[in-house]
Amino acid sequence: MNQHRKMVIAGNWKMNKTPNEAKQLVKKLIPLVSAATCEVVICVPYVDLHAALEESRGTGLKIGAQNCHYETSGAFTGEISAKMLAEMQVDYVIIGHSERRAYFGETDVTVNKRALACLKFGLNTIICVGETLSQRQAGITEEVLRMQTKLALADLTAGETDKLVIAYEPIWAIGTGLAATAEIANNACFMIRSAIKEIFDDQTANRISILYGGSMNKNNAAELLSQPDIDGGLIGGASLEPHDFAKIVEIAVG
Ligand code: PEP
């Protein structure tokens, strides 16, 4: 963590919780994170957005979506646009999660298009990048992260990065209980920051928050979040349990 960057603790609920369940979970979470001095976000299923936004109104808790389409409107059955999310006053959106890439055919090109659309509509945009286990074992992690980062940020200007957040999410660590070591995670975040420097400049790269995601929990958060290039966490499993998530928030703000 660096003082010049914002610390973000974001939960990714994935495909969990109905609207009623979401309302209850948000109600439990709010008093637990109300004193937090960092950005606290929960990214919920589309159908839970309304309930989560209503329940969190007037509190510091930010609500996010887990994806959005790159077109503003049109014949894209089943999709949701950035304009729709912005009108609902959704604060954040996750783009390019590895589950979207692996199961729903998303590519670096569509990730870039989605990110550009989200930023155009003023959404805080968390772009996920990360290598597979075989890519790490083949020694090409840096190339993979650099390529994913550069393609995701194509056609973006430095001035448009104010609401951009990157999440380093090694695929081998997501949902496996096997978090990256703090050293591996910090080195990867440093590689991503170096790629951002190559695309834009030092100042821009030093301003963008880079989160770590992959089996972060209340036991490993302190070590991960104390690393100089890690500016927060994207948390799946542990974000579904309000006390665990709140504990990570507490650790993040020190
Ligand atoms: C995620 O879904 O982005 C994630 C990091 O999941 P988990 O914390 O469960 O590994």
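Modeller: Start with classes. Asp, Glu, Lys and Arg count as charged; Ala, Val, Leu, Ile, Met, Phe, Trp, Tyr, Cys and Pro count as nonpolar; the others, Gly among them, count as polar. Keep in mind that this model is predicted.

Biologist: How many nonpolar, polar and charged residues does the shell around the ligand have?

Modeller: The shell has 4 nonpolar, 8 polar and 2 charged residues.

Biologist: Which of the 14 residues around the ligand come nearest?

Modeller: Lys 14, Glu 169, Gly 175, Ser 215 and Gly 236 do.

Biologist: Now polar contacts. What cut-off applies?

Modeller: A pair of N or O atoms within 3.5 Å counts. Take the side chain of Glu 169: one of its N or O atoms is 2.7 Å from a ligand oxygen. Backbone atoms take part too. A polar backbone atom of Ser 215 is 2.8 Å from an oxygen of the ligand. For Gly 237, a backbone N or O atom lies 2.9 Å from a ligand oxygen.

Biologist: What share of the ligand's accessible area does the protein cover?

Modeller: On its own, the ligand has 290 Å² of accessible area, and the protein covers 95% of that.

Biologist: On to the fold. How do I read the sheet?

Modeller: Strands of a sheet pair through backbone hydrogen bonds, either parallel or antiparallel. Here 8 strands close into a barrel, in the order S1-S2-S3-S4-S5-S6-S7-S8, with parallel pairing. Neighbouring strands are turned by 25 degrees against each other on average, direction ignored.

Biologist: Over how many bridges do S2 and S3 pair?

Modeller: Strand S2 (residues 39-43) and strand S3 (residues 62-65) pair over 3 bridges. Val 41 stands opposite Lys 62 in S3.

Biologist: Which strands does helix H8 lie across?

Modeller: H8 (residues 182-199) lies across S5, S6 and S7, and runs at about 140 degrees to S6.

Conventions:
Residues numbered from 1 in each chain as written. Predicted model: local features only at pLDDT ≥ 70, side-chain atom pairs only at ≥ 80, totals over all residues. Heavy atoms only, no water. Near = heavy atom within 4 Å. Polar contact = N/O pair within 3.5 Å; in protein donor to acceptor, adjacent residues only side chain to side chain. Areas by Shrake-Rupley, 256 points an atom, 1.4 Å probe, with all protein chains shown as cover. Pairing = 2+ DSSP bridges. Helix = DSSP H or I, 4+ residues; strand = E, 2+ residues; numbered from the N terminus. Axes fitted to C-alpha atoms, helices over the stretch in contact; angles between N-to-C directions. Contact = heavy atoms within 4.5 Å.
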